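Thanks for asking me to look this over. My notes are below, in the order I would read the model myself.

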Amino acid sequence: PGGMRQLALCLLNGRGVTQDPAEAVVWLEEAADLGDAASKSFLGSILMTGDESAGVAEDAPRGFALVAEAFAQGFRTTSSQMALLKVGKGYWEGVGVARDVAYAVTLWHQVADQDSVYATVAQSELAGCYYAGDGVAIDAVEAALWCQRAADHGDVEAIRMLPIIRTCDFCGSTPA
């Protein structure tokens with residue numbers, strides 16, 4: 001499967017062979033069917049939006065499922081984190097799949113514990129979820145913790161929201 005994936009990447013990028021996105025997708029399908037997590041992630045990313053040059057129609061539900069499977073198998077690259085964020089957003093908004101906010105939160109939790117710019121985005125999303133009770137129970141402490149983590153990594157929105165999240169709704173003071 002690893003060789004199939006490498007051949008697919010060469011075909012996608014025209015490295016050492018004539019560029020042929022359609023043939024690349026065939027090889028990614030083969031490798032994904034054999035359980036290769038990286039191939040699942042690459043193929044899922046293609047399916048999420050479709051690829052006219054490869055003759056691949058958009059199949060967001062299948063693409064989302066493949067990316068989530070790859071991540072569950074331990075495939076952790078920055079591109080897989082970005083893809084999983086997109087999957088979470090798809091479930092959050094109900095784009096391409098049935099809306100499932102709780103599942104989006106679960107996916108963002110998986111990305112939030114990584115060390116990347118995408119983790120920061122996921123941390124910020126989680127802060128908002130816990131603050132508003134979207135997909136999870138309202139939890140001011142969790143909201144503040146996720147917001148602080150995102151702010152520590154320089155997320156501008158988290159830095160702006162942190163004082164608001166930390167302000168008591170009853171007395172208006174900011175806890176120590």
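1. A word on the ground rules. This is a predicted model, in which local features need pLDDT of at least 70 and side-chain atom pairs count only at pLDDT 80 or more, while totals for chains, interfaces and linings use all residues. Numbering starts from 1 along each chain as its sequence is written, and side-chain values use heavy atoms, with hydrogens and water left out.

2. The overall make-up. The chain has nine helices and zero strands, where helices (H or I, at least four residues) and strands (E, at least two) are DSSP runs numbered from the N terminus. Its C-alpha atoms fill a box of roughly 65 × 30 × 25 Å along the principal axes.

3. Burial and surface. Of the 176 residues, 41% count as buried; buried means under 20% relative accessible area, exposed over 50% and partly exposed in between, with a 1.4 Å probe and protein chains only. The chain exposes about 8900 Å², and carbon and sulfur atoms supply 56% of that area (Shrake-Rupley method, 1.4 Å probe; for residues, only the protein chains shown count as cover).

4. Helices 5 and 6. The axes of helix 5 (residues 78-93) and helix 6 (residues 101-112) come within 7 Å and cross at roughly 165 degrees. Axes here are lines fitted to C-alpha atoms, for helices over the stretch in contact, and angles run from 0 to 180 degrees between N-to-C directions. The two helices are therefore roughly antiparallel, a label for angles over 145 degrees.

5. What meets at that pair. The contact (heavy atoms within 4.5 Å) involves, among others, Leu84, Leu85 and Trp92 of helix 5 and Ala104, Leu107 and Trp108 of helix 6. Its residues divide into eleven nonpolar, three polar and one charged. Ala, Val, Leu, Ile, Met, Phe, Trp, Tyr, Cys and Pro count as nonpolar, Asp, Glu, Lys and Arg as charged, and the others, Gly among them, as polar.

6. Lys40, buried or exposed? Lys40 is buried, with a relative accessible area of 9%, and sits in helix 3 (residues 37-49). Leaving aside residues up to four places away in sequence, Lys40 touches Ala32, Gly35, Leu66, Val67, Glu69, Ala70 and Gln73.

7. Leu43. This residue is also placed in helix 3, and Leu43 is buried with a relative accessible area of 0%. Beyond residues up to four places away in sequence, Leu43 touches Val25, Leu28, Glu29, Ala32, Arg62 and Leu66. Leu43 and Arg5 lie 38 residues apart in sequence and 9.9 Å apart in space, C-alpha to C-alpha.

Methods: Parallel < 35°, antiparallel > 145°, perpendicular 65-115°, else oblique.
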